[in-house]
Amino acid sequence: MNFGRLALPVLALALAPLLPGIINRTKAVIGGRDGQPLLQLYYDLAKLVRKGAVYSHTTSWVFRAGPVVGLVSAVAVLAVLPLGGTSAPAGFSGDLIFMAYMLGLMRFFTVIAALDTGSAFEGMGASREVQFSALAEPVLLMALAALSLAARGSGASLGGGLFSLSAIYSHLSISTWMRSGPALLLVAGALWVVFLAENSRIPFDDPNTHLELTMIHEVMVLDHSGPDFAMILYGASLKMWILGALLAGLLVPVRSGNIWIDTGACVFGLFVLAVLTGVVESVMARLRLTRVPQLLVSAGFLSTFALALIIWS
Amino acid sequence: MSISIANIFSITNGQAAPICDVTAMDRRDFCQAIIEATGQGLRISALFGQPVGGGRTRLWAVLARDNKSLLLLLYTDIDGNRYDSLTPYCTQAHWFEREIFEQCGLEPSGHPWLKPIRFPTRTETAPRIGDADFFRVEGEEVHEVAVGPVHAGIIEPGHFRFQCHGENVFHLEISLGYQHRGVERKLVGGPDRRTLHYMETLAGDTSIGHALAYSELVETLGATSSPARAQVLRGIALELERIANHTGDLGALAGDVGYLPTLSYCGRIRGDALNMTALICGNRFGRGLVKPGGTGFDIDVQRRDELLRRLDILEKDLFVAIGLLWNSSSVMARFESTGTISGQDCKELGLVGPAARGCGVERDIRCDFPHGIFQLEQIPVSTCPTGDVFARGYVRWLEIQRSVTFIREQLKGLPGGDPLVAVGPLKPGRIAVSLVEGWRGEICHVALSDPDGKFAAYKVIDPSFHNWFGLAYALRGQQISDFPLCNKSFNLSYCGHDL
C-alpha cells in the first residue's frame, strides 16, 4: 500500500464540507442574496461537536449507532475511491461492489435509526428513502458496469481487475471518450441523476425545506442532535464527495500521469459539479413525490442502454 | 310547510335595521328556512347564538343572496339546550353549528361530527387545551400522522391529524383553538377606545379588511356616511393589502415546491407593497388608516405621485417574478391537479374568496354586495375553473393585476374634501351587517346594539372560518407530501378563526 496515496482520503475528509457551501453560494448569487459563508458547514460542525446530544426515552442503541455507522461507512468508501486517474490507497478487485454496499449500509442504519424513534414523520421519510434508493442503486451499479466495460475496451490490461474502481477510472481517458463517447454520455446522465437523488437535492428532495411532510432525507434525522447530527452532516457531505468523484472522474478525463494535475483536475470538476447543482436548484421546482420513481427508472434505462451500446459496439 | 325566501326580512350590505322589524320564527321554521334558502343557492354568512337570559339562546342567521345583493336576517329563540341539526341537510352549517355548541352549549341533535371547534374554557370540566377525540380510520395498513400544534416554520399553531394509507390521505381533521383570545366577548359593551385596535388585530394580515368592516358597521349604526374621499382611500388601502398578501402567497407557493427565483422576488416585492401602505399612514399593515367616520390619514399630491411611481415599478416587477412561475413547467407540474375541489363541492361547503373563485364560482363581495367606492367602480371578478392549487394561485395573480389597475385609476381621480367626519352615537336596538371582500375572502361583521346604544353582541366571521373545512376536504385522496402546498394555496388564518 502506497502511503503517499493516503493523501486522497485526507483530501476528501478536508474538502468535502466545502461542496454544500459552494451549492449554497451559487443559489444565493443567482437569487440575488449575499448568502452564507463558503465555510458554513465547517462552522456548523465545529458548533455541533461542542454541544450535548438529546436522546428520547423511546430510542435504543440503534438510534445512537445510526450516525456512527453512517460516518464510518462513508470513510471506508474513501479508502477505495479513486480521484480521476489517481488510484485509491486500498483499491481491490470488486471494490465497486464494496462501495455500493457500504453506501447501502450507511443508508440502512440511517433508516433503522429513524424507525427507532417511532415517529410518524421519520417512518414516512424512511419509507420514501428506501423506496427511492431501491431504484437508484441499480442505476449506479449499471453505470459502473458500463464504465468498467468501456475501460476494458481501451485495450490496456486492467491491473486490479475489471471490478476495481481505481483500475476503471485510471483507464478512462480522452481516447475512451473518442471511442464510446455517446455511451459514456448516457452513463454520465445516469450518474448525475443518482448524484442528485442520493444527496437529496432538488428535484428529488429539498434540503432547505422546513416542511416535514415533504421531506425525504432530512426528516429521518430530525431527532439527532449535537455530535450525532454533526456526524450525519459530515457523512452526508462525504457521500456527496464520493458520488461526485465518480461523476467528475468520468467527465474530466485528464490522465496526464502527473498526480498533481490529474487529482487537481478532478477536484476542480467536483467544484464545478457543485456549482451545477446550485444552478439546477435555482431554476427548477422539485418533483411531485409520485414522479420521483419515474425519473429514477428512466435513469436506469439510460445506464442499461449505455451498457448495451458498449457491449455491442 | 314551505317558506318563501322573498318573505324573509332582508337588508343590504352596510344597512342597519331595528331588531323589532325582524320577525321571530319558531325553531322549525327557522331550520326549514335555512335549508330551503341554501338549497336555492343562498349562503350562510353568519350563524350564531346570542344568550338572551332565562336560559334561552337566540339563534341568528345571516343568509347572503348574492344575485339580489340582499342579506336575509332571521332568528329564533331556543329554550333548553338542543335543537335539530341543520348540517345533515346543509353542509355549510357544519362549522357554525359546532361553534354554537361550543359557545352556547346548544346541542344540534343529529349533527354528524359534533365537537367544539376550539377548546372551550366555559366550564370547570372542560377538556384541557389540546385534548380532543379525532376521527380515526381503522385498519391494519392505515397509519396516523399528527402535525403540530408546534410547527417547524414560524407560523401560527394548529393541529392536523391525517389518516393515511402509505402516502395517500384518506382523511384530514384540523383542530384549531390554540389562538383563542376571547375577542368577541370583549367587544360586547363597546364600542370603546380599544375596539378599533381589536379589529386591526383580529387577523394581523387583514388589518384593513376588518377595520373597514367594523367602521362601516359603526357608521351605519350611527347613521353617518363617510366622505367620498375616505371611501376612495379605503378602497386603495384594501386593494394594497390584497396585492401585498397575494404576492406573499405566490412567493410562498413557489417556495413550497422549491422554486427559488419567485420566492426571493416575491418576498421583496411584498415588502414594496407594504411600504406603499406605510407611505400613506406610517404603518405597513395599515393600522390607524381606516377608522369610523373615514380615514385617519390623507394622501397629498406628492404622496400620490410617489404612489403612482411605485405602483408602476411594482407592476413591472410582479410581471417578471410571477411570470416565471407560470412559464416553468416543473412548477406547473406541481400546481396542476393538486388539491382539486369541484364547483359543486365549493358551493356546498360554502367556500369564499380566492378558494371559491379558484373553483370557477363567481363570488366576490365587491361585486355581489358593493359598498363604499365599489358601488361606483367595479373590479371584475377573477375566476379560474380548475379548482386546484394552480387555480387558487392564478386567481391571486389576476386579482393583483386588477387591483393595480384599480388603485391607479382611483389615485388619479381622488375626490376632494376632508376624509374624516364625526360619527354619531349608535342607534339603540338595531342590527347591522357589514360584508367586505378581504384578500382572503368574505369578512362578515354583525352587530346588535342594546337600548343604550352599546354592542349587545358582536360577531365576526373571518373568511378562514368558511374555508378551513375546505382545506381538509381538498386533501382527500391526495398525497400527504402535497399538504403543505395545498395549505399554502388556501393560506388561512388561525387567529382570525379562533377569535
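Colleague: How many helices and strands are there in chain B, and what makes a run of residues count as one or the other?

Modeller: Chain B has 16 helices and 16 strands. Both are DSSP runs numbered from the N terminus: a helix is H or I over at least four residues, and a strand is E over at least two. This is a predicted model, in which local features need pLDDT of at least 70 and side-chain atom pairs count only at pLDDT 80 or more, while totals for chains, interfaces and linings use all residues. Residues are numbered from 1 along each chain as its sequence is written, and chains are lettered from A and ligands numbered from 1 in the order in which they are written.

Colleague: What makes chain B as compact as a globular protein of that length?

Modeller: The globule rule is 2.2 Å times the number of residues to the power 0.38, with the radius of gyration taken over C-alpha atoms. For 499 residues the rule gives 23 Å, and chain B has 22 Å, so the description holds. Along the principal axes, its C-alpha atoms fill a box of roughly 65 × 60 × 40 Å.

Colleague: How does chain A stand against the same rule, and what secondary structure does chain A have?

Modeller: A compact globule of 313 residues would have a radius of gyration near 20 Å; chain A has 19 Å, so the two agree. The C-alpha trace of chain A spans about 60 × 45 × 40 Å along its principal axes. Its secondary structure comes to twelve helices and zero strands.

Colleague: What does Ala113(A) touch, and what makes two residues a contact?

Modeller: Two residues are in contact if their C-beta atoms, placed from the backbone, lie within 7 Å. Not counting residues up to four places away in sequence, Ala113(A) touches Val62(A), Phe63(A), Ala65(A) and Gly66(A). For contacts in chain A with a separation of 6 or more, 78% are between residues 24 or more positions apart; for chain B, 69% of contacts between residues at least 6 apart join residues at least 24 apart.

Colleague: How do you know what length to expect of helix H2 of chain A?

Modeller: The expected span is 1.5 Å times one less than the number of residues. H2(A), residues 18-30, has 13 residues and reaches 18 Å from its first C-alpha to its last, close to the expected 18 Å. Its buried residues, including Leu18(A), Ile23(A) and Arg25(A), pack against helices H1 (7-15), H3 (40-49), H10 (226-251) and H11 (259-283) of chain A together with H7 of chain B. After H2(A) comes Gly32(A), with a positive phi near 75°.

Colleague: What makes a set of residues a nonpolar core, and which residues touch the most other members of the largest one?

Modeller: Such a core is a set of buried Ala, Val, Leu, Ile, Met, Phe, Trp, Tyr and Cys residues joined through C-beta atoms within 7 Å. The largest has 256 residues, and Ala146(A), Val187(A), Leu191(A) and Val194(A) touch the most other members. H10(A) supplies the largest share, 17 residues. Beyond four places in sequence, the contacts of Val194(A) are Ala136(A), Val139(A), Leu140(A), Leu243(A) and Ala299(A).

Key. Buried ≥ 20, exposed ≤ 12 C-beta atoms within 10 Å, placed from the backbone.
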